[in-house]
Amino acid sequence: MAFTSSGGVAAIFAVATIALSIGALLPKVFWVQAKFSVKDSDVTAKTSLWLTCNTTTSNLGTNETCSKIEKIQIGKDTFKTESTAEKDAAIAGLVLAILFSLLSFVSICCTHKCSAATSLFLALLFTAITVGVYVRYKSHALSSNHEYTFGFFIAAAALASAFFALLGSCCIRKSLPDYEYLA
């Protein structure tokens, strides 16, 4: 009980949220993939938040080509299409979830229940936004052949971890007994 009331459970899940969010942001962690057959070859298209890779397998061998997705540029025409806006929102959601999870970890270490719970709520909100906008991106911008892969499931695990961290932060004691300050 002391581990939970001192913020141990919330801290573990906050660190897990940070690690999972960083893992989902890596360029070679693909979020969706689709398989197509073209003439005498099979094509596998994979998309992460940063790259799109096409692997072509034929009688001649296997060829993989990757292209970078456009950089985020803040300006007048930042969100030219819905699909780029959704992908950029997924990236921003994960980055903000990492920042608020870090802030909550500091709050937990300083035994500030209110700031820890607020930070973890915001981390939960941003991971939920990330998963939600990517579901919308897949259903509106990609074909029905695309299926979720490892990166999306990592983001969903970050969402679950943020939820459990928030629950754990509700168990933190609001104040420590006076004798604990003596130790």
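**Cores and helix packing in a predicted model**

Leu25 makes contact with Leu49, Trp50, Ile91, Leu94, Val95 and Ile98, leaving aside residues up to four places away in sequence. The model in which these contacts are found is a predicted one. Leu25 also belongs to the largest nonpolar core, a set of 19 residues, where it is listed with Ala24, Trp31, Leu49, Leu94 and Tyr134 as having the most contacts inside the core. At least two residues of this core come from each of four helices: α2 (8–25), α3 (82–109), α4 (113–141) and α5 (150–169). Another core, of 11 residues, lies apart from it and includes Ile108, Leu120, Ala165 and Ile172.

Read from the N terminus, its elements follow the order α-α-β-β-β-β-α-α-β-α. Of its 183 residues, 38% count as buried. Among contacts between residues at least 6 apart in sequence, 61% join residues at least 24 apart.

The packing of α4 and α5 can be followed in detail. Two packed helices are described by the angle between their axes and by the distance between those axes. For α4 and α5, the axes come within 9 Å and cross at roughly 155 degrees. Because an angle over 145 degrees counts as roughly antiparallel, α4 is roughly antiparallel to α5. The crossing of α4 past α5 is left-handed. On the side of α4, the contact is made by Lys113, Ala116, Ala117, Leu120, Phe121, Ala123, Leu124, Thr127, Ala128, Val131, Tyr134 and Val135. From α5 come Phe152, Ala155, Ala156, Ala158, Leu159, Ala162, Phe163, Ala165, Leu166 and Ser169. By class, the residues of this contact divide into 19 nonpolar, 2 polar and 1 charged. Tyr134, which has a part in this contact, is also among the residues with the most contacts inside the largest core. Leu120 and Ala165, likewise in the contact, are members of the 11-residue core.

Phe36 is placed in β1, which spans residues 32–38. With a relative accessible area of 30%, Phe36 is partly exposed, because that class lies between the limits of 20% for buried and 50% for exposed. Leaving aside residues up to four places away in sequence, Phe36 touches Ser41, Asp42, Val43, Ala45, Ser143, Asn145 and His146. Phe36 and His146 are 110 residues apart in sequence, while their C-alpha atoms are 9.9 Å apart in space.

Definitions and conventions: Residues numbered from 1 in each chain as written. Predicted model: local features only at pLDDT ≥ 70, side-chain atom pairs only at ≥ 80, totals over all residues. Heavy atoms only, no water. Core = buried A, V, L, I, M, F, W, Y, C linked by side-chain atoms within 4.5 Å. Buried < 20%, exposed > 50% of the residue type's maximum accessible area, 1.4 Å probe, protein only. Contact = heavy atoms within 4.5 Å. Axes fitted to C-alpha atoms, helices over the stretch in contact; angles between N-to-C directions. Parallel < 35°, antiparallel > 145°, perpendicular 65-115°, else oblique. Left-handed = near helix turned anticlockwise from the far one by under 90°. Nonpolar A, V, L, I, M, F, W, Y, C, P; charged D, E, K, R; others polar.
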